[in-house]
Amino acid sequence: IWRIIQQRTVGLFYEVGFGKTAIMVAAGMELRRMGFARGIMHVVPKQTYPGYVKHFQEMYPHANVLYPDEQAFSRANRAEMMNRIATGDWDAVVVTDSQMKRIPLSAEAQMAFMREQADEFREAHIALVEAGADKRSQKQVESLVERLEKQLGDLAARLAAKQDEGLTFESLGIDQLFVDEAHTYK
């Protein structure tokens, strides 16, 4: 818990039953108590969600935690749920991985990420050329850069056409994210 408070980016790669859930829950509550985090979200696989919620409630029965059900992020209810997350004074929000996937990122954040990836691939291409790597590897990297640049163009066009996206992940005020079973996002 202290390591999470100090470093904020920590991987808990322990065996099943070693207390990863308890560590994440307690670390989140401590970050909130100490004022280091205001918006805390836990992302949990759908199959382990009920157990995670139960564990959280046993550890902190009086905490103000939002546990949305599956219908909360349906197309009809998503805007209301996003508003509840953004405006509520929650000690934590616990969502399933499928719910997290339904929370949109802003086009600006997506573009910044894609630009960063394209720049990294351009640097990798230059390094491959300078190292005299085989043409096939060079072509693969060139193809990745071209695909990212096309996606950037498409995203820029979408951003220009759509000024008001509604609430996005960035507008929720989440400043600490705990991801259970993070290795599935590799």
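Of the 186 residues of the chain, 35% count as buried. The model is predicted. Its chain holds seven helices and four strands. Along the principal axes, the C-alpha trace spans about 60 × 40 × 30 Å.

**Fold and order**

- Read from the N terminus, the elements run α-α-β-α-β-α-β-α-α-α-β.
- Helix α1 covers residues 2-7 and includes W2.
- Strand β1 covers residues 40-44 and includes V43.
- Helix α4 (78-87) and strand β3 (92-96) are joined by a loop that contains D89.
- D91 is in the loop between α4 and β3 as well.

**Buried and exposed residues**

- V43 has 2% relative accessibility, so this residue counts as buried, the cut-off being under 20%.
- M82 is 39 residues from V43 along the chain, and the two C-alpha atoms are separated by 15 Å.
- W2 has 56% relative accessibility and therefore counts as exposed, the cut-off being over 50%.
- W2 forms a nonpolar patch on the surface with M34 and F36.
- Together, the three residues of this patch have about 330 Å² of accessible area.

**The largest pocket**

- The space in the largest pocket comes to about 670 Å³.
- Helix α2 (20-33), helix α3 (49-59) and strand β4 (176-179) are the elements that each give two or more residues to its lining.
- The lining has 29 residues.
- Nearest the centre of the pocket lie K20, M24, V179, D180 and E181.
- By class, the lining has 14 nonpolar, 10 polar and five charged residues.

**Salt bridges**

- The count of salt bridges comes to six.
- One of them joins R33 and E30, with the closest N and O atoms 2.7 Å apart.
- R33 and E30 are three residues apart in helix α2, so about one helical turn separates them.
- R33 is exposed, because its relative accessible area is 60%.
- E30 is partly exposed, with a relative accessible area of 23%.

**Salt bridges of R32**

- R32 forms a salt bridge with D89, and the closest N and O atoms are 2.6 Å apart.
- This pair links distant parts of the chain, with R32 in helix α2 and D89 in a loop, 57 residues apart.
- D89 has a relative accessible area of 45%, so this residue is partly exposed.
- R32 also forms a salt bridge with D91, where the closest N and O atoms are 3.0 Å apart.
- Again the pair links distant parts of the chain: R32 and D91 are 59 residues apart.
- D91 is buried, because its relative accessible area is 17% and the cut-off is under 20%.
- R32, D89 and D91 belong to a network of salt bridges that also includes R38.

Conventions. Residues are numbered from 1 along each chain as its sequence is written. This is a predicted model: local features need pLDDT of at least 70, side-chain atom pairs count only at pLDDT 80 or more; totals for chains, interfaces and linings use all residues. Side-chain values use heavy atoms; hydrogens and water are left out. On a 1 Å grid over the protein atoms alone, a cavity is a set of points where a 1.4 Å probe fits but cannot get out, and a pocket is an open set with protein on both sides within 12 Å along at least five of seven lines; lining residues have an atom within 4 Å of a point. Grid points are joined across faces, edges and corners, and a volume is the space filled by probe spheres set on the points. Ala, Val, Leu, Ile, Met, Phe, Trp, Tyr, Cys and Pro count as nonpolar, Asp, Glu, Lys and Arg as charged, and the others, Gly among them, as polar. Patches are made of residues with over 30% relative accessible area and no salt bridge: like charges are joined within 9 Å, nonpolar side chains (Val, Leu, Ile, Met, Phe, Trp, Tyr) within 5 Å. Accessible areas come from the Shrake-Rupley method with a 1.4 Å probe; for residues, only the protein chains shown count as cover. A salt bridge is a side-chain nitrogen of Lys or Arg within 4 Å of a carboxyl oxygen of Asp or Glu. Buried means under 20% relative accessible area, exposed over 50%, partly exposed in between (1.4 Å probe, protein chains only).
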